[in-house]
Amino acid sequence: MELLKVPQGEFGLSRYPKRKNELLRAWDAADEYLLTYFYENGPTSKQLSILVINDSFGALATALNKHTITVWTDSWLAEEGIKQNISENKLPNTKLKIVSSIETPEGNYDVVFIKIPKSLSLLEDQLIRIKPLISKSTKIIAAGMVKSIHISTLKLFEKLIGSTKTSLAKKKARLIISTVDENIPLAISPYPKKYTLEGTSYSIVNHANVFSRESLDIGTRFFIQHIPQSGKYKSIIDLGCGNGIVGLLAAEKNPHAVITFTDESFMAVESAKETFALAFDNQRSAQFMTNDCLAGLEKNSADLILNNPPFHQSNAIGDEVAWQMFKQSKDVLKQNGELWVIGNRHLSYHIKLKKIFGNCERVASNKKFVILKSIKR
Ligand code: SAM
């Protein structure tokens, strides 16, 4: 745990899940800038109703705890991180509400804080969906690292919220301050969007924050060409399912299997659920879980796990999530169960898989990708 020192106080914050030898902090300079700016320039009223969008691990929800806070997030990990940090700082959670990205917050807000997300589509969806909740008197303050604020970001604020200015950069972070223009008509979010999966009649549903939401990812395309088929696969997991294409094709090839879709993004799991329901006309059941990798899944329960791991999470490049996915897969697989992984060749996942499973076979490869299989012996 590290100490966030801001004018609102000092708060011990950790990322979620907690990892040994964690190198990354649970907040960034944009959180510090935003909290300091708000302390110096914000309304002085003691009790504000604040909407916090995309708070990563609760730096904002924790420091602003004396107000009534609604956090709106697409991340299950963020939700757990916020609860953990509120509890570890012994703060009350009675005035805190966490709303997932699938729902839209209700009520009126004095202040809206937005941490700029990686995906412009998510920001667009969020700005459209908050517009009916805000008025001229609402303060809109967004914050992000300079590298994640582009002209297109500012244009979105201008188009959807109203006149927008940016602050000077401090520690490579910048603020965006928007004034609500009530003459801008309310818009309808273009999300979720659908595309037809090439060579099939499947309609793939993509909420705003889903991986490869506009078209089929080239790695996923290669993976689905090699999804295995066998009567021995009774329980299959699509780990890190995104819009659920991999699990969908596994279901098609293995008609008697029960498929479980898991992802840490609420929008991913919802997309997978809607994709699957459309594909099977609501006639086939499956399980859908928002989760940290495979945490809490029954040990020795799965015959096949299919995985296209993320290689960056919340802008922090690292392979911790891939490690965690592979290790937990070993626990959750039955004896002789199989983990199939696709990755860019340069990621060298075979080294990790061999270390964890003691075996790793190459199923297929092309210039860019390799599909690997490890068996739990
Ligand atoms: N399976 C999809 C495909 O092949 O098109 C998506 C693969 S995408 C490379 C990786 C997915 O892992 C993303 O949907 C991301 O949200 C998810 N993810 C990232 N961290 C995770 C975690 N800790 N637990 C579960 N899922 C996670």
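**Reading a ligand site and its sheet**

Modeller: Of the 17 residues around the ligand, those that come nearest are Thr220, Gly240, Asp263, Cys293 and Asn308; a residue counts as near if one of its heavy atoms lies within 4 Å of the molecule. This is a predicted model, where local features need pLDDT of at least 70, side-chain atom pairs count only at pLDDT 80 or more, and totals for chains, interfaces and linings use all residues. Residues are numbered from 1 along each chain as its sequence is written, and side-chain values use heavy atoms, leaving out hydrogens and water.

Biologist: Which backbone atoms lie 2.8 Å or 2.7 Å from a nitrogen atom of the ligand?

Modeller: A polar contact is a pair of N or O atoms within 3.5 Å. Here a backbone N or O atom of Gly240 lies 2.8 Å from a ligand nitrogen, and one of Cys293 lies 2.7 Å from a ligand nitrogen. The protein buries 92% of the 590 Å² that the ligand exposes when taken alone.

Biologist: In what order do the seven strands form the open sheet?

Modeller: Strands of a sheet pair through backbone hydrogen bonds, either parallel or antiparallel. Strands are DSSP runs of E, at least two residues, and helices are runs of H or I, at least four, numbered from the N terminus; two strands pair if DSSP finds at least two bridges between them. The order is β14-β13-β12-β15-β18-β20-β19, with mixed pairing. The edge strands, β14 (287-290) and β19 (361-365), each pair on one side only.

Biologist: How many bridges join β12 to β15?

Modeller: Four, between parallel strands; Asp238 stands opposite Leu306 in β15.

Technical notes: Polar contact = N/O pair within 3.5 Å; in protein donor to acceptor, adjacent residues only side chain to side chain. Areas by Shrake-Rupley, 256 points an atom, 1.4 Å probe, with all protein chains shown as cover.
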